[in-house]
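Subject: Structure handover and notes on its main pocket

Dear colleague,

I am passing on the structure below, together with some notes on what was found in it. Please read the notes with the coordinates open beside you.

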Amino acid sequence: MIDLHTHSTASDGSYSPQALVELAASRGLSALALTDHDSISGCDEASRAAASLGLRFIRGVEIEIEFKPGEFHLLGLGFRGSPPCLVEALKDLAARRQDRNRQIIEKMRDEGMDVDWDELVSHSGASLIGRPHIASYLVKKGIVKRLQVAFDKFIGKGRPFFIPKSCIPLAEGIDLIHRSGGLAIVAHPMSLFVSWTRLREFFPAWKEAGIDGVEAWHPTARRGECDKLEALALEHGLKVTAGSDFHGSSRADRKLGITAGDRQIEDRYLEAFSGMET
């Protein structure tokens, strides 16, 4: 069992990079990728922990790409070390993301809600605030009863306090990941929220643009959808990966090493990294 899509406190997860790796080892995983949003700051810590436990570690990152109507997330997997070009680009993206989340809190305060940025940061314990942290904070404050209600009522797309995140063009994201020595993987394609007809048209276009693979297996998709995505990827010569998108307590429904249909993530998905040092 492996997992190629996870998050730590370096972005919006609830486990530190070391604790995440230790959890993976305790659950019998043989390989793990850390793919924090706009950050690779947890990779060194996770890599050291993995080495001490005999677990294969794959450095990763998750970057949001400009796209409508849904969300387009791009995974960078398998780069080595801390490539300067990637570090600088992510530093800028993280700063813009932090500014956006400050604006969400300010907008709430302007509407009379009892929220405070410093209190949120203290509550989250994270180095980079994300919307899941805001949702958890609203639960703690008693403003909502459940995390999903925070998204549905306040901070989800189209809701009163939603502010779009700064994104980069797909070509820029692919180039950045390739220059860093990694694979550019389309994360959870169902979040694009397009028809199957249009989705099928994306695959040859992605291949031509330089996309290396597709995360065909993700817990937000149905098993039948994942089968279709995997078949389309293989048809167009793209690699296939699978992940849990594990965050810890902020998304308790996602289990480490488990993907769509409560299926364990098999180590065959490591084939995507054949010939690469990770």
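The largest pocket in this predicted model has a volume of about 1,200 Å³. Its lining is made up of 44 residues, and those that lie nearest the centre of the pocket are E71, H73, R131, F151 and R251. Two or more lining residues are given by each of the elements β3 (56–65), β4 (72–77), α3 (84–110), α5 (131–140) and α6 (147–155), and the largest share, four residues, comes from α6.

The side chain of H73 makes a polar contact with the side chain of E62 at 2.8 Å, while a polar contact of 3.5 Å joins the side chains of H73 and E64. Leaving aside residues up to four places away in sequence, H73 touches E62, I63 and E64, and also H37, I185, V186, A187 and H188.

With best regards

Terms used: Residues are numbered from 1 along each chain as its sequence is written. This is a predicted model: local features need pLDDT of at least 70, side-chain atom pairs count only at pLDDT 80 or more; totals for chains, interfaces and linings use all residues. Side-chain values use heavy atoms; hydrogens and water are left out. On a 1 Å grid over the protein atoms alone, a cavity is a set of points where a 1.4 Å probe fits but cannot get out, and a pocket is an open set with protein on both sides within 12 Å along at least five of seven lines; lining residues have an atom within 4 Å of a point. Grid points are joined across faces, edges and corners, and a volume is the space filled by probe spheres set on the points. A polar contact is a pair of N or O atoms within 3.5 Å; within protein, one must be able to donate a hydrogen and the other to accept it, and residues adjacent in sequence count only if both atoms are side-chain atoms. Contact means heavy atoms within 4.5 Å.
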